[in-house]
Amino acid sequence: LITAAAAPDCNMEFEFDIIVIGGGHAGCEAAAAAANMGCRTLLVTMDMTKFAQMSCNPAIGGVAKGQIVREIDAMGGYTGIVTDRSTIQFRMLNRSQLWRRTLEQTPNLSLWQDSVTGLLTDDRHVTGVRTRMGVVFKSKAVILTAGTFLEGLMHVGRSQAEGGRAGDSASHGLSAQLAELGFEIGRMKTGTPARIDGRSVDFSRL
């Protein structure tokens with residue numbers, strides 16, 4: 001387990017086969033898959049206390065999510081296994097740190113708390129990443145699973161605020177660089193419905 005405290009200065013370099021940016025659903029699976037295939041893998045997450053914390057709909061067995069979880073399971077992934085072992089009931093999120101413990105105990109997998117601000121390239125080939133702390137990691141490949149955090153913007157009514165999700169900051173730097181490298185950058189809406197206090201609703205009139 002690598003932590004930010006391990007870096008005495010900003011000139012340290014570490015070399016890996018695979019670097020995974022982001023510790024949500026996709027990032028956890030990508031990091032585990034690469035490490036289990038024998039690759040020296042680094043998972044970079046902005047908050048070590050929240051990686052592997054799945055904040056979206058907990059209904060893993062639902063119609064849409066159930067299909068992809070079965071596909072992940074067929075390829076040796078962990079989402080279905082972790083869900084089966086940790087679910088109390090499907091309305092409750094993140095009541096277990098089993099995903100995190102699974103990753104922490106995976107051979108060949110290191111963890112780093114930081115924000116990736118840029119990709120290292122050589123003749124349009126990605127060769128590593130640079131973090132907000134100025135740390136450089138070299139790698140043969142980079143897997144980007146930043147989800148809603150890249151230039152994340154949250155809309156609440158007419159108000160707007162930067163963030164990957166409520167309480168978390170957005171990630172800056174990568175989007176602009178990806179655009180410079182020729183990737184098309186867009187924004188997808190991930191709509192979370194409003195939460196209404198049931199005590200404020202007169203259900204007899206509905």
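The following legends describe close-up views of a predicted model.

**Figure 1. The hairpin formed by strands S4 and S5.** Strand S4 covers residues 116-122 and strand S5 covers residues 125-131. The two strands pair in the antiparallel sense, over 6 bridges. Within this pairing, Leu 120 has Gly 128 of S5 as its bridge partner. The hairpin has 2 residues between its strands, and Asp 123 takes a positive phi near 55°.

**Figure 2. Helix H3 and its buried face.** Helix H3 comprises residues 79-86, and its buried residues are Thr 79, Gly 80, Val 82 and Thr 83. When the helix is seen down its axis, these buried residues fall within an arc of 165°, so they line one face of H3. The exposed residues Asp 84 and Arg 85 are carried by the face turned away from the buried side. The cover over the buried residues of H3 includes helix H1 (25-36), helix H2 (63-74) and helix H4 (98-104).

**Figure 3. Asn 108 in the loop between helix H4 and strand S3.** Strand S3, at one end of this loop, consists of residues 109-113. Asn 108 is not a glycine, yet its phi is positive, at about 75°. The residue has a relative accessible area of 39%.

**Figure 4. Glu 151 in the loop between strands S6 and S7.** The loop lies between S6, residues 136-144, and S7, residues 153-156. Glu 151 is a residue other than glycine with a positive phi, near 50°. Its relative accessibility is 28%, and Glu 151 accordingly counts as partly exposed.

**Figure 5. The second largest pocket and its lining residues.** The volume of this pocket is about 180 Å³. Its lining is made up of Leu 119, Thr 121, Arg 124, Val 126, Val 142, Leu 144, Leu 178, Leu 181 and Phe 183. Strands S4 and S6 are the elements that give two or more residues to the lining of the second largest pocket. By residue class, the lining of this pocket divides into 7 nonpolar, 1 polar and 1 charged.

Methods:
Residues numbered from 1 in each chain as written. Predicted model: local features only at pLDDT ≥ 70, side-chain atom pairs only at ≥ 80, totals over all residues. Heavy atoms only, no water. Pairing = 2+ DSSP bridges. Helix = DSSP H or I, 4+ residues; strand = E, 2+ residues; numbered from the N terminus. Buried < 20%, exposed > 50% of the residue type's maximum accessible area, 1.4 Å probe, protein only. Arc of directions from axis to C-beta. Contact = heavy atoms within 4.5 Å. 1 Å grid on protein atoms, 1.4 Å probe; cavity = no way out; pocket = protein on both sides within 12 Å on 5 of 7 lines; lining within 4 Å. Points joined across faces, edges and corners; volume = space filled by probe spheres on them. Nonpolar A, V, L, I, M, F, W, Y, C, P; charged D, E, K, R; others polar.
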